[in-house]
Structure formats: C-alpha cells, structure tokens
Amino acid sequence: MFSRPSATGDALLTTEQLTVRFGQQPVLDNINLVLRPGRILTLIGPNGSGKSTLVKTLIGAIKPSAGRIIRSPDLSVGYVPQRLHLDPTFPMTVRRFINLPKRHASHEIGEALEQAGAEHLLNAAMNHLSGGQLQRVLLARALLSRPSLLLLDEATQGLDHRGVAEFYQRIEQIRQRSQCAVLMVSHDLHVVMRTADHVICLNGHICCEGQPERVASSPQYQALFGDQTASTLAFYRHQHTSHHDEETLRHAG
Ligand SMILES: Nc1ncnc2c1ncn2[C@@H]1O[C@H](COP(=O)(O)OP(=O)(O)OP(=O)(O)O)[C@@H](O)[C@H]1O
C-alpha cells in the first residue's frame, strides 16, 4: 500500500519533503508520498490546491524548490495531460500525433489504441475529436511508453457520467492487464471513493490521506468538501453494502 516513505522497498517513486514555490508563492509544502506497483492513488483537492503542480513536478516538468524525488530504475511514466493545445489550423491525424515525438511500430500503435478504446480513430483528424475521444487518444499515447506508472491529470474533465464511468473502467482494465501503478487527479469524488486504493487530499500540503472512507469522514476533508461529503459517503456505503449483499446472496445461493 501507500505509506509514509520510511521504507521505500519496491516503490516506483517516492517524494521526500517535496516543496514547490512559484517566486515567493508556496504551492506545495512538505509532500511525502510513495507510489508502489499496481496500486491506484488518487489526488483530490479544491481548485488551485496544487494537484497539477504535483503531477508536473513528478514528471520533471517543474523543479522542486526543496525536498527530493526518488525514482526506481523500473520507473517508466505515461502521462495524460489535463489539456492539450493544438493549432486548429494545422491538420493532423491521430496516427501522426501518436508518432510524435517518436515513431512506433504499427502493431504497438494498434495495441495501445485498442487498450484505450480508440482503435477506430487511427485516421481521424485530431481537431475533429470529441472530448472523450481525445482523452482516449491521449491515453493511448501514454500507453505506448509501456508505463510502470500512469499519471492522469483530470483525464475525465468534460465527460458525461457515462463517459467518466467508462474511462475509470478502462483504467482498471489497463491496471489489471499491465500491473502499472496509477496516480490520478480527480474531481469525481463519487468514483474516487469507489475505485481508489489510497486517496490523498491536497490543499498546498497533504491535509488527510488513507483509504477512501477514512478520508471522506475526516474533518479536514469535510472542511474542504463539506456539502458533497454526505452524498459521497452515502454513495460509498451504498456501493459497499450492495457488494456485501451480493456476496451474501452468492454465498446463500
Ligand atoms: N507556472 C506557474 N507560475 C505561477 N503560479 C502557478 C503556476 N502554475 C500554477 N500556479 C499556481 O499554483 C497554484 C496551484 O495550481 P495547480 O494548477 O497546481 O492547482 P490544481 O489543484 O491543479 O487546480 P485545478 O483543480 O483548478 O486544476 C495556483 O494558485 C496557480 O495559480
């Protein structure tokens, strides 16, 4: 599981007292986390709480002001960004986009697109993709590096409920198939509470973390997400009660 980095063991990536400032503005303070193979860690937090900054620091795009990141030699990162800025006047197919900056063999591209549910989009124009289709293409591109760690920064932004559920299902299938670790930034509190192994609630610093129910019932979480807490917890309990009932029924049957 994720734990404080006293013993990093088989960790893919560990941060120790990671701190980021933009000029004089502190954005991340004393972040300690451990990412282990095959686990799903979800980052939640209000707007501006430093989630994207943390992800960008982990991929090396932002230099920490203090602290350090320890990366395993086995670490290979696949990154799905929050946004993609493409010049709308510059036509580009998915095939071409996915071969940037490095060309890949056709069978590898086919496999990555299939895993991401985007096999039919190979010859589509990038600037004609819907939000959900674009996310799948970005996911396919991230999978091409055969990541041991998949980093997703609000990958479900703009998707409807069904799109969100499908996306999370797909990530779970990918995790099971490749045993990669997943770190995702999410505002989908309901889904987070159902799918994450470990949740970190960020607000410049880690204000609470642990298994979903523990986080959802913590005072720090409630202070940040108060109005959403009751429904999130109710949803979580309903899901678990339903699973429990199914189990009981199965055993009884
Ligand atoms: N390059 C930058 N230069 C200066 N300030 C920045 C920079 N990038 C982010 N910030 C600031 O750092 C803070 C954290 O931003 P960040 O994007 O990490 O938050 P977030 O939790 O991902 O927010 P959201 O949920 O809205 O995506 C914000 O106050 C933001 O304005």
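**Chat about the domains, sheets and ligand shell**

Biologist: How many residues of domain 1 are in contact with domain 2 here?
Modeller: In this predicted model, 10 residues of domain 1 are in contact with nine residues of domain 2.

Biologist: And which element gives the largest share on the domain 1 side?
Modeller: That's helix α5, residues 161-178, which supplies four residues to the side of domain 1 that touches domain 2. By class, that side has six nonpolar, three polar and one charged residues.

Biologist: Switching to the ligand. What surrounds the ligand?
Modeller: You'll find F22, V27, G45, N47, G48, S49, G50, K51, S52 and T53 around the ligand. Sorted by class, two of the shell residues are nonpolar, seven are polar and one is charged.

Biologist: Which helix gives the most to that shell?
Modeller: Helix α1, residues 51-58, with three residues.

Biologist: What does α1 pack on?
Modeller: For that you need the sheet of six strands, an open one with the order β5-β6-β7-β3-β8-β9 and mixed pairing. Neighbouring strands there are turned by 15 degrees against each other on average, direction ignored. Helix α1 packs on this sheet and touches β3 (40-44), β6, β7 (181-185) and β8 (198-202). The direction of α1 makes about 150 degrees with that of β6.

Biologist: Which strands stand at the edges of that sheet?
Modeller: β5 (77-80) and β9 (206-210). Each has a single partner strand, so one side of each is left without a neighbour in the sheet.

Biologist: OK, take β5 then. Do β5 and β6 pair in the parallel or the antiparallel sense?
Modeller: Parallel, with four bridges between β5 and β6, the latter being residues 149-153.

Biologist: What about G204 in the turn?
Modeller: G204 has a positive phi of about 85 degrees.

Biologist: How many bridges pair β1 and β2?
Modeller: Seven, with β1 spanning residues 13-22. Within that pairing, V20 stands opposite L28 in β2.

Biologist: Last topic, confidence. Where does pLDDT stay under 50?
Modeller: One stretch is residues 1-7, for which the model has 15 contacts beyond four places in sequence. Another is residues 239-253, with one such contact. Where pLDDT is low, the predicted coordinates should not be read in detail.

Biologist: And what does the protein average?
Modeller: A pLDDT of 85, with 86% of the residues scoring at least 70. For the complex, the predictor gives an ipTM of 0.97 and a pTM of 0.85.

Notes:
Residues numbered from 1 in each chain as written. Predicted model: local features only at pLDDT ≥ 70, side-chain atom pairs only at ≥ 80, totals over all residues. Near = placed C-beta within 6 Å. Helix = DSSP H or I, 4+ residues; strand = E, 2+ residues; numbered from the N terminus. Nonpolar A, V, L, I, M, F, W, Y, C, P; charged D, E, K, R; others polar. Pairing = 2+ DSSP bridges. pLDDT = per-residue confidence, 0-100. Contact = placed C-beta atoms within 7 Å. Axes fitted to C-alpha atoms, helices over the stretch in contact; angles between N-to-C directions.
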